[in-house]
Amino acid sequence: MSLLARPAFRWPALIGLWALAGAVAWITTVQVFLLVMNPFCHLQRPGFSRLEVVSVDRNADSQITDFVTAKRGEETRVLTLSKAEAAELHEHDEVWILDAWYADSLRPTQFLLTPQRILLEYPILLLLPVALGLWRIRKARQEAAAEPPPPVRRTFTDDFHLRAQRFAKPEAAPGPQPRPGEDPGAST
């Protein structure tokens, strides 16, 4: 029997997977709510690219973001990164940049490409391991149900009881059975 087929492991795994699915739904709902409520927000094409940093400039109008000028080949782009991420960058650094799926004036439009940032920006990706986990639990449960039942436990009697049956009263020979209401000793 698989470990996931046992209720002691299956129920905590199911609770954890459904909690993760709920968290993904919550994060996605909050992101869509912020997108709808912000009039200066617009959708943009998500993506990632490898860029070379040309300069890091302070954004005096924002307490959250700074500007980073970067180039890829001959193309130059001005990125809006968070102040903490922009402070880590230096001139001539080559970095992977993740473009968010929407842009507004309140939050960064680009981020340094990290697994944590991918999951925060695109939480729907977490539904893939959730679906895989639910499928695996279901498959383990089906395999456990299809396994043959445990062997029948047999008990053996000792020799004494078999010999004692020799002296038991003989069973009545199968003959005509009396009808209900008749006297079995009466003959016809």
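**The whole chain**

Begin with everything displayed as a cartoon, keeping in mind that this is a predicted model. The chain holds 5 helices and 7 strands, and if you trace the cartoon along the sequence you will pass through these elements in the pattern α-β-β-β-β-α-β-β-β-α-α-α. Of the 188 residues of the chain, 27% count as buried. Where residues at least 6 apart in sequence are in contact, 54% of those contacts join residues at least 24 apart.

**Helices α1 and α4**

Next, select residues 7–37, which form helix α1, together with residues 127–146, which form helix α4. Two packed helices are described by the angle between their axes and the distance between the axes. Here the axes come within 10 Å of each other and cross at roughly 155°; because angles over 145 degrees count as roughly antiparallel, α1 and α4 are described as roughly antiparallel to each other. The crossing of α1 past α4 is left-handed.

To see what makes this contact, show side chains for Arg10, Ala13, Leu14, Leu17, Trp18, Leu20, Ala21 and Val24 on α1, and for Leu127, Pro129, Val130, Gly133, Leu134, Ile137 and Arg141 on α4. Colouring these residues by class gives 12 nonpolar, 1 polar and 2 charged residues in the contact of α1 with α4.

**Thr65 in strand β3**

Now move to strand β3, which spans residues 65–72, and select Thr65 within it. Is Thr65 buried or exposed? Its relative accessibility is 4%, and because buried means under 20%, Thr65 counts as buried.

**His92 in a loop**

For the last stop, find the loop between α2 (83–88) and β5 (94–99), and select His92 there. What is the phi angle of His92? The phi of His92 is near 75°, which is a positive value in a residue other than glycine.

Terms used:
Residues numbered from 1 in each chain as written. Predicted model: local features only at pLDDT ≥ 70, side-chain atom pairs only at ≥ 80, totals over all residues. Heavy atoms only, no water. Helix = DSSP H or I, 4+ residues; strand = E, 2+ residues; numbered from the N terminus. Buried < 20%, exposed > 50% of the residue type's maximum accessible area, 1.4 Å probe, protein only. Axes fitted to C-alpha atoms, helices over the stretch in contact; angles between N-to-C directions. Parallel < 35°, antiparallel > 145°, perpendicular 65-115°, else oblique. Left-handed = near helix turned anticlockwise from the far one by under 90°. Contact = heavy atoms within 4.5 Å. Nonpolar A, V, L, I, M, F, W, Y, C, P; charged D, E, K, R; others polar.
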